[in-house]
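Student: I have a model open and want to go through it with you. Can we start with the overall picture and then look at single residues?

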Amino acid sequence: MRGLVCEDLGFLGISIDARANAIARGGHPNISAAGSRVATLVVPTDEERMIALDTMGLTTASPDHALPFAMAAQ
C-alpha cells in the first residue's frame, strides 16, 4: 500500500526503496531510496485502538458535556 501511495509523489522529492519498504518494521522506519530528496519514514499506528477509544469517549460522555452536533439539533 505504501508503495502505491508514494508512487506518484516524485514531484515532492519522494522516492522509496522497494526492499526497504517491504521489510519496514519497528527499528527500520526509513524507506527512502538512495538519492531521494526527502526522507520517507514509516510511523507505526494503532488506528483500530484510537477509533475504539474515541468511540468509548463519545458514548460515555456525560450530559453536561454534550456533543457539538447534539447541541446543534436542539
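**Working through the model**

Tutor: Fine. Buried residues account for 16% of the 74 residues in the protein. Keep in mind that this is a predicted model.

Student: How many helices and strands are there in the protein?

Tutor: The protein has four helices and zero strands. Read from the N terminus, the order of elements is α-α-α-α.

Student: And the accessible surface, what does it come to?

Tutor: About 6100 Å² for the protein, with 62% of that belonging to carbon and sulfur atoms.

Student: What share of the contacts join residues at least 24 apart?

Tutor: Counting contacts between residues at least 6 apart in sequence, 25% join residues at least 24 apart.

Student: Back to the prediction. What pLDDT does the protein average?

Tutor: The average is 82, and 80% of the residues score at least 70.

Student: Which element has the lowest mean pLDDT, and which the highest?

Tutor: Helix α4, residues 68-72, has the lowest mean at 53, while α3 has the highest at 90. Where pLDDT is low, the predicted coordinates should not be read in detail.

Student: Now the surface. Which residues form a nonpolar patch there?

Tutor: M1, L4 and V5 do, and together they have about 380 Å² of accessible area. V5 belongs to helix α1, which covers residues 2-6.

Student: Next, L41. Where is it found?

Tutor: L41 lies in the loop that runs between α2 (18-23) and α3 (47-59).

Student: Is L41 buried or exposed, and why?

Tutor: L41 is exposed, because its relative accessible area is 52% and the cut-off for exposed is over 50%.

Student: What is L41 in contact with, beyond its neighbours in sequence?

Tutor: Leaving aside neighbours within four places in sequence, L41 is in contact with P29 and N30. The C-alpha atoms of L41 and N30 are 4.5 Å apart, with the two residues eleven apart in sequence.

Student: What about S36, where is its place?

Tutor: S36 is also in a loop, the one between α2 and α3.

Student: Which backbone oxygen does the side chain of S36 reach?

Tutor: The side chain of S36 reaches the backbone oxygen of G13, at 3.1 Å.

Student: And what else does S36 touch?

Tutor: Not counting residues up to four places away in sequence, S36 touches I14 and S15 as well as G13.

Definitions and conventions
Residues numbered from 1 in each chain as written. Heavy atoms only, no water. Patch = residues over 30% accessible without salt bridge, like charges linked within 9 Å, V, L, I, M, F, W, Y side chains within 5 Å. Areas by Shrake-Rupley, 256 points an atom, 1.4 Å probe, with all protein chains shown as cover. Salt bridge = Lys/Arg side-chain N within 4 Å of Asp/Glu carboxyl O. Helix = DSSP H or I, 4+ residues; strand = E, 2+ residues; numbered from the N terminus. Buried < 20%, exposed > 50% of the residue type's maximum accessible area, 1.4 Å probe, protein only. Contact = heavy atoms within 4.5 Å. pLDDT = per-residue confidence, 0-100. Polar contact = N/O pair within 3.5 Å; in protein donor to acceptor, adjacent residues only side chain to side chain.
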